[in-house]
Amino acid sequence: MDWDQFDLNPKVIAALKKADIKSIKEILNLSGADLQRLMKLSSADIQCLLKTVSRTLRRNSMLTALQLYQDKDHLTSQHQKLSLGCSVLDSLLKGGIPLVGITELAGESSAGKTQISLQLCLCVQYPYKYGGLESGAVYICTEDVFPSKRLQQLIDQQHKLRADVPAEIIEKIKFGNSIFVEHAADLDTFHNCITKRISLLLTRGMVRLVVIDSIAALFRCEFGVSDSVMKARYLQTFGAQLHSLSTRFRTPIMCINQVTDAVSESEAAQCSCSVVGNRVSPALGITWANQLLMRLMVSRVSQPEQSSGVASHHSGNVRTLRVVFAPHLPPSSCYYTVKLEGVKGIK
């Protein structure tokens, strides 16, 4: 890097050369205090340096409307997605999970929510050419212990799931080293986690995917019926913070959500304990739904339905992945199964 081209004080340029700092990335990976110690400059000089290099990055990354429309540079495109590691699932989502925005994956227990999330944690580590982002993932557990044994199974079976990727590329990726696990059992811990710990990992470029399993668990015990206004404020605050991280670092946010039975007024009046048609809706209501870019729902296929049609040709439990809403997708669905090697769509 030719520091003489930058609009900097000659003293700062000399300090950069003496400290053997050769790129903007090196500067941004260090804290202000570290730069001060390394370069032996004042706080004001360091702030000036950081502002100058930041302006340079913004200027170089600016795109025109015509460039976005023509979509010539795929890696900086607004259309880039994170693959789910299966061509059938990617086809349903027109390429995968959008990089900017919050995606919700809701469904009943044992429908495959955690399986899909673990698979995404591996997919994000693949090269761009194979639908990944060449980075790691953060997995935030809010209720259960992280399924490390299942993750190791998926890692061992990657060569079977990802037949589209050359074996030598899979062998080079150290999948387990790039998945960071956090546990947050209450709102305060969760707030600290997303504002400090995850933000630091994103700033250092160590991760490009955040998974929260699950978002509903944080609110289940914290608020009563009379605390709905306070609950809504927390949901809006967390939604805004997650959106900020996603937009700033072009990082997908995957939030797993639970479901509740959807009971009609007539059923409630009859005090019916059974819900006709097994109707369910994602937890946390309209306040949380307004924070989402895309809502996906997974469900298990009932036995009579499974014995007919496409599901009858596949062994094991068949499940459904459904697009509830998304700005770029119509409501649609596909079948999938969970195998030893991972989640696979059914054509």
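Author: A crossing is right-handed if the near helix is turned clockwise from the far one by less than a right angle, and left-handed if anticlockwise. This is a predicted model: local features need pLDDT of at least 70, side-chain atom pairs count only at 80 or more, and totals for chains, interfaces and linings use all residues. Numbering starts from 1 along each chain as its sequence is written, and side-chain values use heavy atoms, without hydrogens and water.

Reader: What is the hand of the crossing where α7 passes α8?

Author: Helices here are DSSP runs (H or I, at least four residues), and strands are E runs of at least two, numbered from the N terminus. Take α7, residues 113-123, and α8, residues 148-156. The crossing of α7 past α8 is right-handed.

Reader: Which residues of α8 make the contact with α7?

Author: Contact means heavy atoms within 4.5 Å. From α7 come Q115, L118, Q119 and L122. From α8 come R150, L151, L154 and I155.

Reader: Is β7 mostly covered or mostly exposed?

Author: Buried means under 20% relative accessible area, exposed over 50%, partly exposed in between (1.4 Å probe, protein chains only). I253, C255 and N257 point one way from β7, M254 and I256 the other, and all are buried. With five of its five residues buried, β7 (residues 253-257) is mostly covered.

Reader: Which residue of β7 is the bridge partner of D213?

Author: Strands pair if DSSP finds at least two bridges between them. Five bridges join β3 (residues 102-107) to β7 in parallel. Four join β6 (residues 207-213) to β7, also running parallel. In β7, D213 has as its bridge partner I256.

Terms used: Axes are lines fitted to C-alpha atoms, for helices over the stretch in contact, and angles run from 0 to 180 degrees between N-to-C directions.
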